[in-house]
Amino acid sequence: MLLYLIIVLVLVATAQGYDGSTHSTHHWIGLGVYAIFSLGLGIADWRASQREGGAVPGTEWLAWTATLLNAGVALFLIVEHILLGAVETEETATAVSRLPAFLLLLQTGLSMRVWHTAAFSGLVSLAWGGTILLAYLAPESALLGPHVTLEEEVPGLLTFLAASLVVIDGVRRLQMAVTTALRMEQERTSLARFVPRRVAGELAQRGVVGAVQSRHACLFGLDLRGFSAFSRDQAQEEVVRALLDVRALTHVAVSEHGGIVDKYVGDGILAQFIVGRPEAQAEAVMACARIIVARLAVLNAERHREDRPQLRITMALHAGEVLVGVFDDGHRAEFTVLGPAMNRLARIEARAKAADLTLSASDEVIRLLGPPTRASLRLSGMPPSECRDTRDMRLFAVDWTDGTAAAEHPVASVA
């Protein structure tokens, strides 16, 4: 409404800039019509917004009417100036007659409607250009008013056309950017129900929620060793506390390293690292495993002081292509990963648990690690397996050279 007020003030200034009563009357008529229609459109838009509770999906006709009204007043001022000219104001009258066209072009562009901006530009340009063409083709008709020349009007029209193209392109780009931002925010909000908000932002940027996608992931599995016997020998409260302690410890470590806890299955925990390059995923999952071992040692020290049983875990790491996204069957939505790599992770974890290892990893993970990280590891090759899912894989028992997670049952070192 402020911009509309400015346009009305420009009309007033233009009316005062002419000295003939005929000119002044035309301007006052244009001012009155524009002010009345603008007020009517504003009231109609306000009533529609009140009726719809703030959302106005059925008021597109109001926007088109406003666009046509803006185009009408802009071309009225330009064409009238060309035909009637100026007596004493000359350059001032010329500038003031064109100013509303440029201001209303920007106002229409700010409405974020590409077609409305193009329609406004097209109507004004056609009327402006048509008047210039008539004056050029019929010089004897004296269509040009005093102090109006084609040498001035043609550059003015070309300037308006250039400004129109810039505004239309800017509106199109801005509209695309806003649409993308809104889609990303919607997807990030949707993903935030399933994954940490920091991770949700990058996943939404990559369009993960829109459709299930195939992408690389480093997978993490954790189990409590000897849990069946533990649950038989300990009170129910002790079993629940042990589970919750390990879950909380793991969840914090995984989240800190940019991973996602997929699900809890009994005493097991599944997580995935799907953000970033494969090399970054491998570094994150290995660092996560190390911090879990260190924090479990602290937890066990506290449990020892409380005369509670010690907790022992087995972790397995694997990497590969998976299907990732929100799987929604209409009854329950779940963000998870699927694929052969997940099946292999389960087999690796079972083998590591049978060998009583703290950490095992596939060669797919080890090869992704940078030289500094590999140098900090002590890798021991695990015997070949007859299992169809893992018999063609190289598996390693993993320890750290500083003794962070010494394996309880070391196996033969890799040659």
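Author: Begin with how the chain folds back on itself. Among contacts in the protein between residues at least 6 apart in sequence, 71% join residues at least 24 apart. Keep in mind that this is a predicted model.

Reader: How many helices and strands are there in the protein?

Author: The protein has 13 helices and 8 strands. Of its 415 residues, 43% are buried.

Reader: Can you show me one case of a pair of residues distant in sequence?

Author: Take Val 398, which lies in strand E8 (residues 395-400). Val 398 and Ala 361 are 37 residues apart in sequence, and their C-alpha atoms are 6.8 Å apart in space. Val 398 has a relative accessible area of 2%. The cut-off for buried is under 20%, so Val 398 counts as buried.

Reader: Next, the nonpolar cores. Which residues have the most contacts inside the largest nonpolar core?

Author: They are Phe 220, Met 286, Ile 292 and Met 315, in a core of 42 residues. Helix H10 (residues 278-305) gives the largest share of this core, with 10 residues. A second, separate core has 26 residues, among them Ala 71, Val 124, Ala 135 and Phe 160.

Reader: What does Met 315 touch, not counting residues up to four places away in sequence?

Author: On that count, Met 315 touches Phe 220, Gly 221 and Leu 222, then Ala 289, Ile 292 and Val 293, and also Thr 358, Leu 359 and Ser 360. Two of these partners, Phe 220 and Ile 292, are also listed with Met 315 among the residues with the most contacts inside the largest core.

Reader: How do I read aromatic rings?

Author: A pair of aromatic rings is described by the distance of the centres and the angle of the planes. A search of the whole structure finds 3 such pairs here. For Trp 128 and Phe 160, the ring centres are 6.0 Å apart and the planes stand at 50 degrees, so the pair is tilted. This pair links distant parts of the chain: Trp 128 is in helix H5 (residues 114-137) and Phe 160 is in helix H6 (residues 150-191), 32 residues apart.

Reader: Are Trp 128 and Phe 160 buried or exposed?

Author: Trp 128 is buried, with a relative accessible area of 1%. Phe 160 is buried as well, at 0% relative accessibility. Ring pairs also join Trp 128 and Phe 160 with Phe 102 in a cluster.

Reader: Why does the pair of Phe 227 and Phe 230 count as stacked?

Author: The planes of Phe 227 and Phe 230 are at 25 degrees, with the ring centres 6.3 Å apart, so the pair is stacked. The cut-off for stacked is under 30 degrees. Phe 227 and Phe 230 are 3 residues apart in helix H8 (residues 227-233), which means they are separated by about one helical turn. Both Phe 227 and Phe 230 are buried.

Reader: Last, empty space. How is it found?

Author: Rolling a probe the size of a water molecule over the atoms shows where empty space is left.

Reader: Which residues line the largest cavity?

Author: The lining is made of Leu 224, Leu 243, Val 246, Arg 247, Asp 267 and Ile 269. By type, 4 are nonpolar, none is polar and 2 are charged. Helix H9 (residues 236-256) supplies the largest share of the lining, 3 residues.

Methods:
Residues are numbered from 1 along each chain as its sequence is written. This is a predicted model: local features need pLDDT of at least 70, side-chain atom pairs count only at pLDDT 80 or more; totals for chains, interfaces and linings use all residues. Side-chain values use heavy atoms; hydrogens and water are left out. On a 1 Å grid over the protein atoms alone, a cavity is a set of points where a 1.4 Å probe fits but cannot get out, and a pocket is an open set with protein on both sides within 12 Å along at least five of seven lines; lining residues have an atom within 4 Å of a point. Helices (H or I, at least four residues) and strands (E, at least two) are DSSP runs, numbered from the N terminus. Ala, Val, Leu, Ile, Met, Phe, Trp, Tyr, Cys and Pro count as nonpolar, Asp, Glu, Lys and Arg as charged, and the others, Gly among them, as polar. A nonpolar core is a set of buried Ala, Val, Leu, Ile, Met, Phe, Trp, Tyr and Cys residues joined through side-chain atoms within 4.5 Å. Buried means under 20% relative accessible area, exposed over 50%, partly exposed in between (1.4 Å probe, protein chains only). Contact means heavy atoms within 4.5 Å. Rings of Phe, Tyr and Trp (its six-membered ring) pair if their centres lie within 6.5 Å; planes under 30 degrees apart count as stacked, over 60 as edge-to-face and the rest as tilted.
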